[in-house]
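Let's take a walk through the pockets of this protein and then stop at one residue. Have the sequence and the structure open as you read.

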Amino acid sequence: MKPLLINGEWVTTSHGMDNVNPSDVSDIVAVYAQAGRAEAESAIAAAAQAAPDWGLTTPQQRHDILHAAGNEILARKAELGALLAREEGKVLPEAIGEVNRAGQIFLFFAGEALRQRGDRIDSVRPGVGIEVTREPVGVVGIIAPWNFPIAIPAWKIAPALCYGNTVVFKPAELVPGCAWALTDILHRAGVPNGALNLVMGPGSVVGQTMLDDPRVDAISFTGSQATGARVAAASLPHMRKIQLEMGGKNPLVVLDDADLEIAVHAALDGAFFSTGQRCTASSRLIVDEGIHDRFVAALADRITALNVGHALSEDTQIGPVVDPTQLAQDEDYIATARAQGGVLRAGGERVRRETEGYFLRPALITETEPLMRINREEVFGPVASVIRVRGYDEALSVANDSEFGLSAGICTTSLKYASDFKRKSQAGMVMVNLPTAGVDYHVPFGGRKSSSYGAREQGSYAAEFFTTVKTAYTCA
Ligand code: NAD
């Protein structure tokens, strides 16, 4: 059984959980120890005890650890990518790409540890000087979802450690494998005892213990809106800093003047790659009436030709859905969309392969209206809907008509419309002639409205959440 990491010790528990391969349910990746309330509390205590010393380490010490971890992740990306593909179902090239990204994130934050910023400002009072500096927040609870098993933990843990915080890390139940491997790498890279703790286990027990404990100074959470709301409500009484990254219902607008091939590629990649299980997936395709029929026909052809199958098979383009619950949810959304008048134009059926897995051909639903359930709620699967519009103004208005605001895209050859969309889109990230999913690792990531709450993640903007500002006055 793969153990927890608490205060620098590998700890086994009486209860373990199988990590099941969604491409082949007879394949158990490994068994992972499950923490209960007691283990979670020990991890928090260890992080609290380690916080003062870790916060005072030199930038060089933190740089060296993050740098070593980043290099090991990159050196092992083929092996770790295979592990990721096996436990989550992302196809191998995407899984290796995600591991590569995790390695780059660690190298970026290794550099950030050295690039300290601060201000020296003259006071309005004579003889007084002011310094504005950043300090660690303290103990950071990291609660991660299953869909990016190594990149999301990396983009939370790397800045947390970089800026001198200690960490209690709770990965999603479905993907303990990458979490364990990442923790092992950081532990061997020299993170001191207690500065990084790994507590695998159910959200309702381990996550809830973190929410209830006043020693946790900040929580960085990525997951569903429902859980995000719990994190927020539980944190308010503690006046705790929170950062929430939640769902999306991301629009991709296709105008009449778009390059058809670029638009079809953006929709195919954005909506269906990674089995559509991306918070930034292009799930609402908002298509101008002049290009609508050509676009739908071309996209439907491409969907039908997609190779759906085992994530580790060389020719697979779309891996399995992550588990039976998510598969049932995807099918339920397809059925509801059809019942409300949508037309299932391509895909949407289960696919049988040699191994027993959760295979679903990506679904394209046309003739949908903005107020239908399929256009209001996040499916989080390989399901995209098409809304027909007349011209740019209607497209923009439909794109912004959502409680979410994570990512938004437009396909057009018009500089005028592209510029206007970049300015008026109510999303945290805007793409022109690109899929709504697929972002860089060195720039801010996050959304607006119900998609995100708190400071941005990633890039140098991560300092906003993972540090607290001190203003010091000195009278000479
Ligand atoms: P989820 O909310 O079910 O779980 C997320 C994490 O919260 C898991 O680790 C879970 O164990 C934990 N959790 C559950 N109950 C808890 C509780 N009571 N207290 C504390 N922690 C608890 O989400 P999921 O199904 O793992 O992930 C899918 C969701 O994540 C989708 O909505 C998706 O859009 C979102 N997501 C958002 C982003 C982003 O950056 N915006 C990125 C990836 C995924």
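Domain bounds here come from an automatic or database domain assignment. With those bounds, the lining of the largest pocket draws at least three residues from each of domain 1 (4-246 + 451-475) and domain 2 (250-432).

A word on the ground rules. This is a predicted model, where local features need pLDDT of at least 70, side-chain atom pairs count only at pLDDT 80 or more, and totals for chains, interfaces and linings use all residues. Residues are numbered from 1 along each chain as its sequence is written, and side-chain values use heavy atoms, with hydrogens and water left out.

**The two pockets**

On a 1 Å grid over the protein atoms alone, a pocket is an open set of points where a 1.4 Å probe fits, with protein on both sides within 12 Å along at least five of seven lines; its lining residues have an atom within 4 Å of a point. Grid points are joined across faces, edges and corners, and a volume is the space filled by probe spheres set on the points.

| Pocket | Volume |
|---|---|
| Largest pocket | About 1,000 Å³ |
| Second largest pocket | About 470 Å³ |

Of the 23 residues lining the second largest pocket, Gln-116, Arg-117, Arg-134, Tyr-163 and Thr-467 come closest to its centre. Strand β6 gives the most to this lining, with five residues. (Strands are DSSP runs of E, at least two residues; helices are runs of H or I, at least four; both are numbered from the N terminus.)

The largest pocket has 38 lining residues, and those nearest its centre are Trp-146, Phe-221, Gly-223, Ser-224 and Thr-227. Among the elements that each supply at least two residues of this lining are α7 (203-212) and β10 (218-222).

**Stopping at Thr-467**

Where does Thr-467 lie? You'll find Thr-467 in strand β22 (residues 467-475). Is Thr-467 buried or exposed? Thr-467 counts as buried because its relative accessibility is 3%, and buried means under 20% relative accessible area, with exposed over 50% and partly exposed in between (1.4 Å probe, protein chains only).

Now look at its surroundings. Thr-467 and Thr-133 are 334 residues apart in sequence, yet 9.5 Å apart in space, C-alpha to C-alpha. Leaving aside neighbours within four places in sequence, Thr-467 is in contact (heavy atoms within 4.5 Å) with Arg-134, Glu-135, Val-137, Tyr-163 and Lys-241. A polar atom of the Thr-467 side chain also lies 2.5 Å from the backbone oxygen of Ala-463.

How values were computed: A polar contact is a pair of N or O atoms within 3.5 Å; within protein, one must be able to donate a hydrogen and the other to accept it, and residues adjacent in sequence count only if both atoms are side-chain atoms.
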